[in-house]
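Please read these notes beside the sequence and the model.

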Amino acid sequence: MARWDDILTLPIQDPPTLDFSAADLVWSNVDGWKQEVDRVARIPFSRVDDFVRGESSNPECPTRFHVEARRRRPKDAVLKPRVDAYLEYILYWCSFGPDDYRKGGVSRPSRRNFVKHKNKTVGRPNIKRGCVCHFIVKKLVDDPSVALIIYNKRRHVDVKGLPCHGPLDVKAVGTRAMFAPDFSEDLRLRIVSLLHVGVPVESIMQRHSEMVEKQGGPLNRDDLLTHRHVRTLERNVRRSTFKFDADDTVSVGMWVQCHQNCVFFYEDFSETGPFVLGLQSEWQLQQMIQFGNHSLIVYSSRFGMNKLKYALHSLLVFNKEKVLIPIAWIITTRFATVDSYKWIRALYNRVHAKDQMWKLAGFIIDDPTTDISTIKEVFQCSILVSFWRVRHAWHKNLIKRCSETETQVEIFKRLGQAIYRLCGRPSCDESFQEFLEDFIDSTGFLEYFTSTWLPRIGTWVEALKSFPFSSQEACAAMENYHYRLKLRLLNEKQTNVYQRADWLADKLATKVHSYFWLDEYAGRNDFVRYKKLEWESGLTSWREALLIPDSAVVLEDGYAKIVNQSDQESVHVVLNPGSEYALCDCDWSRMGNLCKHVIKVAKVCRHLVAAAPSISLSCYKHTLNNVLYRPPHDSLILDHAVSLAVNVQTQLNVMDYQAHGKVPHTKPGTGIQADEVGSVNDVMEIGERDLAEEDQQILPEKENTGNGIFKASNEVGDANIR
C-alpha cells in the first residue's frame, strides 16, 4: 500500500476511448485520513467530464452525477505545504443521493423542509433515494493539468448497504428509479436538431412511441420521453435569439457567454488583435476524432466572401460515405486570415486532450495564402492543395461571359493544359501569357481573368509547384459541401443580418449544425415528409459516377455521350472528354461544378488509354521519377530510404486488400510481398517512358491518399480517399 506522499508518483492514465469509467482505470490504495484506505487514480484534468459521462453510463446501474460541492482557490493563494494542496476541489455525487426521500429515509437538515412547488419538475424530489456513491476530484497545485480522483464509495447502495436504484433494486422495478434520472445527451441533441429543421413536436413523439412499441417497451430512460419534455425544448428553441444587443461587438460577447459548450476559442475585438471565434460542438469533436485520425482534414477558407462581412472558415473531414462534414467553424475578420496560430493550436490541444494518440495524415488547403507554416508546425503533417475553387470560378464565369460553345471548350482546355504544365515542369509560367494572346477576341472572359486571377496567379503557381495535388474525389466532396452550406446558411430574407457576427455564430451553432447532424442521422428518412431544400444531401459527384455503368458511355470524335440513368431516353454530351477541364450540358456542370458525367467519361477514357492521366496521378509519377533517378549520396540515408519504400509498399497492399479484398502475396522466406519487386520495376518503366516522352506530352502529376501514403491507380487515374 502506497503512502499518501507518493500520490504524485502514480501514473497518469488516459484511456483511448471517448468516455471511460472506473472499470477502465487501475486504482491504487493509499493510506487515507483517520486510518482509512483511499482508492485513488490520476487522469488528465481535461478528461474529467469524460470520466463522469462514462461512470454515469454504467449498464448495471445507470445514473447521473451532479456537482454536490465545489471549491476554487486562486493560483497565488498562500497554502500549507501539503502534497494534496489543491486549486480546485469538486465533489460528484450520484443524483439518487445523498438525501433519501423514501418512507423512513434520512435527509440532511437543510433539505427536510422541502416544499413541492407547482412549477417544479413532477417527481424530481422522489429520485433521492439515499445513494452514497460519490467521488472527489482535485486539481493539485503541483500539477494543475492532472486530476486526482478519490473514489471510495463506488457501489450504488444506501446507508444500509442495500441497492437503492437500478435493476438490482427490487423496490425500483416498474418505476423510473430503474433508469437514469435524466435523458441522455444524444436524445437531447436529436430532438433539438429535429426541431431546428422544422419537424413538429407531434411527429417527433409519434416516431418515438412507434420505436418504443416496436422494441417491446421502455428499456432505458430515453424511452420514457413525454410531450412535456419535447415541448419544453421546442419552447427554448423558439424563444432563443442571437441579438443580445444592438451593438454587434457587445452582442457577440454575450452570445459566447451563453454558449460556452460550443465555443473552443474566442478573442474579442481589440487594438492588438483581430476578432476570432471558433465554434465546435461535442458532436463535431467526436467526428474529428473518429474520422480525422490518420486521415485528411480539408480547410475551406473563402466561403461567402461576396455576402458575409466576416470571413468564415470551415474544417472538414470525410465520413464513411466520403462526404465532407464540418468539424469546426472559425469566424474572423478578413484581414486576420493569416494570423491563425492561436485557434489552430487551441483546436489541436482540444482534440489531443481527448485522444493523445490522435494524429493527422494530411491537410488540404484551397487558398495558397493560408498559414501553411503554422499548420505544419501544429499538426505535423503534409500539405495538399486543392484547385477546385479556381476551377469552379473559371468554369462558372466562362459559361456566363462566353456564349459560343466551341470557344468555351477551347478556353477551358487551354487553361487545363496550363495547369498540367505548371504541376509537371519547373518553369512554364509563359503558358498563361500565351493563353491571353491566343484568346484576345474573347473580351468578356479575358477581362474577368486579367482583373481577378492574373494578380493572384503567381501565388497559385508557387503553390502548385510546391505541394501535391488533391484528387478529383476531394474536389467533388468540397463542391458538395459548399452547395449544402450555401443552401442552409445564406437563405435569410433580411440580408442585413449577413453583416452581424452574432447572427452568423448563432445560425451555424443551431440550424446549420442541426442540418449536418441530420445528414448523419440513420433515422432521417422517418421525417421525409418534412423535407425541405435545405435537407438536400447525398453522394458526391465522384460517388455518383461510380454508379454509372461503362456501357452508358459512348465515345465519339471530340465528344462523348452518356445515357441518363434516371431517364434512358435522355443523353448528356461531354465536350473535351477525358480531361478534368471538360464541359457537360447538365445543370450541375453549368453551375460551374465537376459533374458525375465528366468524371465517368474521364475514367472510361483513361481505362482505354485514350486520355492523359489526371493531374494528381501525373504528379505522383513525377515525384517517383525524382526519387528513383536522384538517389541520396549517403549510403545510410539510402538504406533508410529503401526501408521506407518497402514499408510504404506494404501499407499500400494492406489498404488495397481492405478496399478490394485482394490478398497480398508474400515472397517465401521474406517479409516483402511478391508484387513489390514488380511494382518497383513498373515504376522504373513508367519513369523511363515518361522521361522519354516529356517533350511530346504533358508531364504528369502528384497523388496523395488520406493517410499520407502515395497510391496510384492505373484504372481510375485518381486515388480514392481511404
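The points below take the strand, then the patch.

1. The model is predicted: local features need pLDDT of at least 70, side-chain atom pairs count only at pLDDT 80 or more, and totals for chains, interfaces and linings use all residues. Residues are numbered from 1 along each chain as its sequence is written, and side-chain values use heavy atoms, with hydrogens and water left out.

2. Strand E6 spans residues 146–153, and six of its eight residues are buried. Buried means under 20% relative accessible area, exposed over 50%, and partly exposed in between (1.4 Å probe, protein chains only). Helices (H or I, at least four residues) and strands (E, at least two) are DSSP runs, numbered from the N terminus.

3. E6 pairs in the antiparallel sense with strand E2 (residues 37–44) over five bridges; two strands pair if DSSP finds at least two bridges between them. Within E6, Ile150 stands opposite Val40.

4. Strand E5 (residues 134–140) is also an antiparallel partner of E6, over five bridges. Lys139 has Ala147 in E6 as its bridge partner. A hairpin of five residues joins E5 to E6.

5. A patch of positive charge on the surface gathers Lys307, Lys396, Lys400, Arg401 and Lys486. Patches take residues with over 30% relative accessible area and no salt bridge, with like charges joined within 9 Å. A salt bridge is a side-chain nitrogen of Lys or Arg within 4 Å of a carboxyl oxygen of Asp or Glu.

6. Helix H9 (residues 388–401) gives the largest share of the positive patch, three residues. Lys396 lies in H9 and counts as partly exposed because its relative accessibility is 43%.

Key. Patch = residues over 30% accessible without salt bridge, like charges linked within 9 Å, V, L, I, M, F, W, Y side chains within 5 Å. Areas by Shrake-Rupley, 256 points an atom, 1.4 Å probe, with all protein chains shown as cover. Lys, Arg positive; Asp, Glu negative; His and termini not counted. Charge placed at Lys NZ, Arg CZ, Asp CG, Glu CD.
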